[in-house]
Amino acid sequence: MKIHIFCLAFFLFVIPATSYGQIDSDSSEKEAVIAVIDQLFLGMLKGDSSMVRATFDPNMRLMTVFEDKDGKPTIKMGNAEEFIAAVGSPHAPEWREKIWSYDVQIDGRLATAWTEYTFFLGTQLLHCGVNAFQFFESADGWKIIQITDTRRKEGCRAE
């Protein structure tokens, strides 16, 4: 009988405590992924190419999903080096991407983040959509390996 009570106590208190500890470590990993996203957009805002480049894996890919002017579904591949050059140099007005939410999922060295955003050119709302990030945890930390975004002009959240 004492063994059954011990086993019951073990399963009710020890195992859940271990699971809560796992949530804390997942939380810190999620915060590390979010920090990379924040660094990317801060680099864009500042026009700092080295800050932007530091968030990317050398093989990073960019893609945009949208409807063309005829309403046809389209996917366009971007060039990471051109993106870094465009966003990573000082420009006026500021390029500012406001992130409204983060949904981060991690399994081992792979992470994904889904972020709702609105993009502003200075104070003008240009477009909005979602970013779908994929990350690889390298020896140097989390690096962006792909960004696929959507872009629309209707239904955008403003500040």
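## Pockets, rings and loops in a predicted model

The residues lining the second largest pocket divide into one nonpolar, one polar and four charged (Ala, Val, Leu, Ile, Met, Phe, Trp, Tyr, Cys and Pro count as nonpolar, Asp, Glu, Lys and Arg as charged, and the others, Gly among them, as polar). This is a predicted model, in which local features need pLDDT of at least 70 and side-chain atom pairs count only at pLDDT 80 or more, while totals for chains, interfaces and linings use all residues. Residues are numbered from 1 along each chain as its sequence is written, and side-chain values use heavy atoms, with hydrogens and water left out.

**Overall layout**

- The protein has three helices and six strands; helices (H or I, at least four residues) and strands (E, at least two) are DSSP runs, numbered from the N terminus.
- Along the sequence, the elements follow the pattern α-α-β-β-α-β-β-β-β.
- Of the 159 residues, 31% count as buried (buried means under 20% relative accessible area, exposed over 50%, partly exposed in between, with a 1.4 Å probe and protein chains only).
- Among contacts with a separation of 6 or more, 53% come from residues 24 or more positions apart; a contact means heavy atoms within 4.5 Å.

**The pockets**

- Rolling a probe the size of a water molecule over the atoms shows where empty space is left.
- On a 1 Å grid over the protein atoms alone, a pocket is an open set of points where a 1.4 Å probe fits, with protein on both sides within 12 Å along at least five of seven lines, whereas in a cavity the probe cannot get out; lining residues have an atom within 4 Å of a point.
- The largest pocket holds about 570 Å³ of space, where a volume is the space filled by probe spheres set on the grid points, joined across faces, edges and corners.
- Its lining has 24 residues, and Leu62, Thr64, Phe83, Asp149 and Arg151 lie nearest the centre of this largest pocket.
- By class, the lining of the largest pocket comprises 14 nonpolar, five polar and five charged residues.
- Elements that each supply at least two residues of that lining include helix H1 (2-46), helix H3 (80-87), strand S1 (56-67) and strand S6 (141-150).
- The second largest pocket has about 170 Å³ of space, and its lining is made up of Leu126, His127, Arg151, Arg152, Lys153 and Glu154.

**Aromatic rings**

- A pair of aromatic rings is described by the distance of the centres and the angle of the planes.
- Rings of Phe, Tyr and Trp (its six-membered ring) pair if their centres lie within 6.5 Å; planes under 30 degrees apart count as stacked, over 60 as edge-to-face and the rest as tilted.
- The whole structure contains three aromatic pairs.
- In one of them, the ring centres of Phe41 and Phe133 are 6.4 Å apart and the planes stand at 75 degrees, so this pair is edge-to-face.
- Phe41 belongs to helix H1 and Phe133 to strand S5, so their pair ties together parts 92 residues apart in sequence.
- Phe41 is buried at 11% relative accessibility, as is Phe133 at 1%.
- Phe56 and Phe83 make a tilted pair, with 6.1 Å from centre to centre and 40 degrees between the planes.
- Since Phe56 lies in strand S1 and Phe83 in helix H3, this pair ties together parts that are 27 residues apart in sequence.
- Phe56 is buried, at 8% relative accessible area, whereas Phe83 is partly exposed at 22%.
- One aromatic cluster is formed by Phe41, Phe133 and Phe135.

**Charges over rings**

- The charged end of Arg96 sits over the ring of Phe120, 4.6 Å from the ring centre (the criterion is NZ of Lys or CZ of Arg within 6 Å of the ring centre and within 35 degrees of the ring normal).
- Lys98 likewise has its charged end over the ring of Trp100, 5.0 Å from the centre.

**Loops worth a look**

- The peptide bond from Ala92 to Pro93 is cis, with omega near -5 degrees, and Pro93 lies in the loop between H3 and S3.
- Gly122, in the loop between S4 and S5, is buried at 19% relative accessible area.
- Leaving aside residues up to four places away in sequence, Gly122 touches Pro93, Glu94 and Arg96.
- Gly47 sits in the loop between H1 and helix H2 (49-53) and is buried at 9% relative accessible area.
- With residues up to four places away in sequence not counted, Gly47 touches Val87, Gly88, Ser89, Pro90 and His91.
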